[in-house]
Structures are given as C-alpha cells and as structure tokens.
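Let's take a look at one helix and a few aromatic rings. Keep the structure open beside you as you read.

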Amino acid sequence: MKETLQDLKSRRSCRAYTNQKVDPDILNQILEAGTYAPTGMGRQSPVIVCIENKEVRDLVSQLNAQIINADTDPFYGAGVVVVVFVDTRVNTYRDDGNLVIGNILNAANALGVDSCYIYRAREVFKTPKGKELMKEWGLSEDYEGIGNVILGYGKPEGKKEAAPRKENYIIKVK
C-alpha cells in the first residue's frame, strides 16, 4: 500500500522526452491498467487508441497544435500518444474516460515511464481529418475524444517538483 501511495504522490507531468522507445511489455501493462478503471455501471464505455506509428502520431500532433494556433509539438517529442475515446451515449462517458486516463498516468509512473495529459482530443476528433482517423480505427461519431496521454522517457528538464498542496484541500465533515 505504501508503494501505491508513493506512486500516486510522485507522478508528475513531463514536457520534454528522449527518443528512447517504451518497451512493448511495459506499454501493454500501462494500457491494461487503463482497462481496469472504474466506469459507470461497469459499462466499460471507453476505447483506448495507442498510437506508436510516427506518421500518425505527428499528424495528430499537428491537428492538436492547429487547435491552439501553435507551430509546436504539443506532445513534447513523446513517441507514444494514447487517445481515450468514450461512447457519448453513456451518461457517464466523460468521467469514465478521465478515470481511464488517470489509471494510465499512474500506471506509467509506477512502471518508470513518464507521461502527461494533453487536452484538445475532443476538438481534434471533431475535425474532418480527426473523424477520418476515427473511422479508420473503427470508431463511430458516437465516440468523443476525451484526452491524450503521452508516454516516453523524459529529459531531466521535462519534469518539475510537486507544488506544495494548498491549504483547506480537504474538508472533513464528521
């Protein structure tokens, strides 16, 4: 239990990555952890798309950057991009998707892989090119991109120390 709590407390977003590839066995464990996230009524509405193909990864990065009118890589050079989609016909879909993302982020940290939650999946996959990619992946327009998780091995400058926790973060009602 102490190890789990330490993993939760030590996870940090990383915003600069090396070219080192994530071992396939470790990547599979991270993705599997995502499948064990709680979902409303146990419906398992999310779908995890793991992008390792550099051309597709770069295309999704470009689409993401266009949303914010930036000429940069919003995936910070990470080699793996995981996009979590959820069936919008399930009323808990956004919560379900974010719980999957949380599991992926925390599992990555526990296995020594750096990560960061990157937004704008919703916007990217509403574009014509985003919808085309979804169709290629077998996802109907009933699915919505909830978020992206980038995975890889961070450069030292990519991570910061945790900020102190704010006062009154927890309110106990007895």
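## What covers the helix

Start with α3: its buried residues are covered by parts that include β1 (46-51), β2 (80-87), β3 (114-118), α5 (121-124), α6 (128-136) and β4 (143-152). Covering here goes by contact, meaning heavy atoms within 4.5 Å. The names come from DSSP runs numbered from the N terminus: helices are H or I with at least four residues, strands are E with at least two.

Before going on, note that this is a predicted model, where local features need pLDDT of at least 70 and side-chain atom pairs count only at pLDDT 80 or more, while totals for chains, interfaces and linings use all residues. Residues are numbered from 1 along each chain as its sequence is written, and side-chain values use heavy atoms, with hydrogens and water left out.

## Helix α3 itself

Helix α3 covers residues 54-67, so to speak a run of 14 residues, and reaches 20 Å from its first C-alpha to its last. That is close to the 20 Å expected at 1.5 Å a residue; the expected span is 1.5 Å times one less than the number of residues.

Which residues of α3 are buried? They are R57, V60, S61, L63, N64 and A65. Buried means under 20% relative accessible area, exposed means over 50%, and partly exposed is in between (1.4 Å probe, protein chains only).

After α3 comes N69, with a positive phi near 50 degrees.

## Rings that pair up

Rings of Phe, Tyr and Trp (its six-membered ring) pair if their centres lie within 6.5 Å; planes under 30 degrees apart count as stacked, over 60 as edge-to-face and the rest as tilted. How many aromatic pairs does this rule give? The count comes to 4. Take F85 and W137: their ring centres are 6.2 Å apart and their planes sit at 65 degrees, so this pair is edge-to-face. F85 belongs to strand β2 and W137 to the loop between α6 and β4, so the pair ties together parts 52 residues apart in sequence. F85 is buried at 0% relative accessibility, while W137 is partly exposed at 26%.

W137 also pairs with F125, and this pair is tilted, with 5.9 Å centre to centre and 55 degrees between the planes. F125 sits in the loop between α5 and α6, 12 residues from W137. At 3% relative accessibility, F125 counts as buried. Put together, ring pairs link F85, F125 and W137 into a cluster.
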